[in-house]
Structures are given as C-alpha cells and as structure tokens.
Amino acid sequence: MISDKLLPFGTTIFAEMTGLAIEHDAINLSQGFPDFEGPAAIVDAAVEALRSGDNQYARSRGHPTLVQAIAASRKRLYGLSYDPMEEVVVFSGATEGIASSLLGLLNPGDEVILFEPFYDSYPACVALAGAVPRYVTLRFPDFALDLDELEKAITPKTRLIVLNSPHNPSGKVFTREELTGIASCAIENDLIVLADEVYEHLTFDDAEHLPIASLPGMRERTLTLSSTGKTFSFTGWKIGWGTGPRPMIDAAQAAHQFVTYAVAPPLQVAMAHALSEFTGDEFLRTFRNEYTARRDFLLTVLDSAGFQVAVPRGTYFVLADFTALFDGDDREFARWLTTEHGVAAIPPSAFYQVRPEEGRRLVRFAFCKRMETLRRAAERLGRIAP
Ligand code: PMP
Ligand code: GLN
C-alpha cells in the first residue's frame, strides 16, 4: 500500500538498528539520543506549564513565548534579527521542519542539492515534494567540500541547497571558506538554502559554528532549522524551529499548518524557559566540555580497537573505518557488531545515494551517552579485534 514516492525509502536505519539493539540487548550507540536526562529545571517548567491550563491548540506558528525566546537567542548568539511573530515558526522537531520547509518551498521538478552522506529524511522529503535531488559527495576522512563538484551539480532547474552544519553523520563543521563558497554559489545562481543547524552548540576544539544566514547576502535566502532536542537532551519532546525571511517562513508555514498545525503548548513554554536560562556561556561551556570528554574517550577506544576514525569537530557522532577488523560491508559489520559483540552502530551506506561505496567500510557511533555506557561499550569493543 506504500506510495511509489516513499517505497524506495523503506524503514529508517535508525528504527532498524535501535530495534536490533533492543532485540539483542546491545549497548545502543546507533540512534542519536542521550541516555541521560536534560536539566531538571526544564522538566519543572513543563510540569508547571501543564498545570497552568494552557493545553489547547497553540498558535500555529508557535507559542508567543517561545518564538520570542527563539528570536532573542538568535540575536544574542549570532547577531541575527528575526521578527518573532513573522519570521519564526515552531515545528514538531527539526524533522517536521525539514518536511514542511521542503514541501512549502519546492515545486515539482525543482532540483535540490544534497551533500552525501546526508541525513536520511532529506531525499525522502525532496521526493514527497516531487522535486529532484542532485548529490555532491563529501569524502572520508575530512569530508572537505569540492566547490567545483557543487558548481557542476547546479543546472537551470536548481532551486535549493540543503546544508547541514555541524554535519551528521560525519561530524564535519563546514569552514568559513566552504560556507562562503556555498553562499557565493547560491547568490550567483539565485538559489535558496535550507540550513539544518540542529547541532549548532555541539562543536569541539577550535571549530566554530557559523550560521550561513549570517554571511553577506544570505539572510534573505536562508531558512535555518534548529531543535531543542540536541541542546537540552530532550529529543523526545520534538520541539524545533525555523527562522528566515518572511517569504520563506510563509512557505514553510503553508505546509506546517496542514502537517501538524501546532505543537504542544506546555513543552513550548518549557523550551522558551530553557532558551532563556540555559544558553548562557556557562551552560554551553559545560555542555561542550562534557561532550568533548565523551568524544575523546570514544576516539581512544575506537583507535585501540583497530578502527581508523574521522575526528569529529562537531555533532555527537563519529564515523570509523572498520577495514582492519572485518571483511564484509557496513550493513554486515553493524549487524555482526550488534548481535555478536553487543554494541549497536549505524551502517552509513544508507546515507549515500550516488556513491554508496564511500560508506561501505564505515560505521557511525553516537556518543551522546553516559560515560558509564561508553565504558561498558569500550569493554566490548576491546574484544572485537581478530
Ligand atoms: N537534522 C539532523 C541533521 C539530525 O541529526 C536530526 C536528529 N534527529 C534532525 C534533523 C531531527 O531533529 P529533531 O529530533 O528535532 O526532529
Ligand atoms: N538524528 C538521529 C540520528 O542521526 C536520529 C533521529 C531519528 O531517529 N529520526 O541518529
């Protein structure tokens, strides 16, 4: 019964691997969700909001308290000004943001540039919109952008570039030079950009997250998505948002009103509190330090287990080459690691379309886990060497 549009996409690899992890009681380093709680004060704010009687449909574009907190945080963090009532929309997670934005902005036949490896919902939503993806491949281990390849992928039909930085699954943070190149390309060809910045606060070492909307000429052609799931460790609440110029927000809203209409008010109010209270320097410093410790620990473990790793500069994922450890492809390796060694990870060939061979010897581990979980995984990973 599945429509022709969706048939090629099957079940997402995240649901598949988490299912396999549960079945085999494996430590789940596959799907990216924390196994720890976010700040208790945010839960308290939600409980208080639940009891305050604000429990009917919210304003479709977002609870006034939350859109104001979002606009204020963009201004404070990046100097970007958005009108909270006209240039912000709250989605049921960035996942809905991707779908509603692409459905609202694209016409059938429009071409869309996707970088592979990609987040798996991009090609599916491009297909739902009746648009056509064109792929630009980023290659292990540094995933540097080849601007010539980007320019070659652009045709008179190209309408939009989907840019994800910090980048899932590679952990790459696009450099200022790369972003400037993408921006010039967008401006010269009159393209719009959907910037998925859900990992905006997850950067390591000296890597700096630069919103592409902050580059000259880009605010007016960029719809930026983010999500509270990653920053506050409440992925299940599904509170995300888009910010952009009014015509782009109106387009996303045109779809959003029919996709979800509105998102749970108490959770929006709690996230407004979180954005106001928990995006200060100290919270973000601690957040990054804790994730840096998790990343460094996992990198050491993977290195001594015999993987060749691509050191992530952002996100909570690491891609590792398992060639020295196993003969088969990534799907076989991920299944073997889960069922035989009790550690679940994601086979990334699912994130490639034109060059799946680029992902065939790689596996993605998520480190948004307690140190205790990572230590248990380390013991198991220490035993896989042939
Ligand atoms: N974009 C990327 C790149 C992601 O990794 C995720 C994580 N699930 C999302 C979007 C979706 O975010 P949300 O959980 O807010 O729907
Ligand atoms: N973003 C999460 C990841 O990459 C998964 C989200 C989902 O399951 N759709 O692991």
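Where is the place of Ser60? Select Ser60 to start: it sits in the loop between helix H2 (40-51) and helix H3 (64-78). Helices (H or I, at least four residues) and strands (E, at least two) are DSSP runs, numbered from the N terminus.

This is a predicted model, in which local features need pLDDT of at least 70 and side-chain atom pairs count only at pLDDT 80 or more, while totals for chains, interfaces and linings use all residues. Residues are numbered from 1 along each chain as its sequence is written, chains are lettered from A and ligands numbered from 1 in the order in which they are written, and side-chain values use heavy atoms, with hydrogens and water left out.

**Stop 1: Ser60**

Ser60 is buried, at a relative accessible area of 10%. Buried means under 20% relative accessible area, exposed over 50%, and partly exposed in between (1.4 Å probe, protein chains only). Show the side chain of Ser60 and the backbone oxygen of Tyr261: the two are 2.7 Å apart. Then display the contacts of Ser60, where contact means heavy atoms within 4.5 Å. Apart from neighbours within four places in sequence, Ser60 is in contact with Val90, Gln253, His256, Gln257, Tyr261 and Ala262.

**Stop 2: helix H9**

Select Arg246 and Asp250. Their side chains meet in a salt bridge, 3.5 Å from N to O. A salt bridge is a side-chain nitrogen of Lys or Arg within 4 Å of a carboxyl oxygen of Asp or Glu. Arg246 and Asp250 are separated by about one helical turn because they are 4 residues apart in helix H9 (residues 246-259). Arg246 is partly exposed at 43% relative accessibility, and Asp250 is partly exposed at 27%.

**Stop 3: helix H7**

Select residues 176-188, which form helix H7. The 13 residues of H7 should span 18 Å at 1.5 Å a residue, and the end C-alpha atoms are 18 Å apart, which agrees. The expected span of a helix is 1.5 Å times one less than its number of residues.

Which residues of H7 are buried? They are Glu178, Leu179, Gly181, Ile182, Ala183, Cys185 and Ala186. The cover over these buried residues includes strand S3 (111-116), helix H6 (147-153), strand S5 (158-164) and strand S6 (192-196).

Now centre on Ala186 within H7. Ala186 is buried, with a relative accessible area of 0%. Leaving out residues up to four places away in sequence, Ala186 touches Ile161, Leu191, Val193, Met218 and Arg221.

**Stop 4: Asp190 and Arg221**

Move on to Asp190, which follows H7 and has a positive phi, near 50°. Asp190 forms a salt bridge with Arg221, with the closest N and O atoms 3.1 Å apart. The pair links distant parts of the chain, 31 residues apart: Asp190 is in the loop between H7 and S6, and Arg221 is in the loop between S6 and strand S7 (222-227).

**Stop 5: helix H11**

Select residues 281-305, which make up helix H11. At 1.5 Å a residue, the 25 residues of H11 should span 36 Å; the end C-alpha atoms are 36 Å apart, which agrees. Colour the buried residues of H11, among them Leu284, Phe287, Tyr291, Arg294, Arg295 and Leu298. Their cover includes H3, helix H8 (228-232), strand S9 (308-310), strand S10 (317-321), strand S12 (362-366) and helix H13 (371-381). H11 is followed by Gly306, whose phi is positive, near 110°.

The structure holds 20 salt bridges. Another one joins Arg370 and Glu372, whose closest N and O atoms are 3.6 Å apart. Arg370 is partly exposed at 37% relative accessibility, and Glu372 is partly exposed at 44%.

**Stop 6: a nonpolar patch**

Switch to a surface view and select Ile2, Leu6, Leu7, Phe9, Leu103, Leu128 and Val259, which make a nonpolar surface patch of about 580 Å². Patches are made of residues with over 30% relative accessible area and no salt bridge; like charges are joined within 9 Å and nonpolar side chains (Val, Leu, Ile, Met, Phe, Trp, Tyr) within 5 Å. Accessible areas come from the Shrake-Rupley method with a 1.4 Å probe, and for residues only the protein chains shown count as cover. End on Leu7, in the segment before helix H1 (13-23). Leu7 is exposed, with a relative accessible area of 52%.

Technical notes: A polar contact is a pair of N or O atoms within 3.5 Å; within protein, one must be able to donate a hydrogen and the other to accept it, and residues adjacent in sequence count only if both atoms are side-chain atoms.
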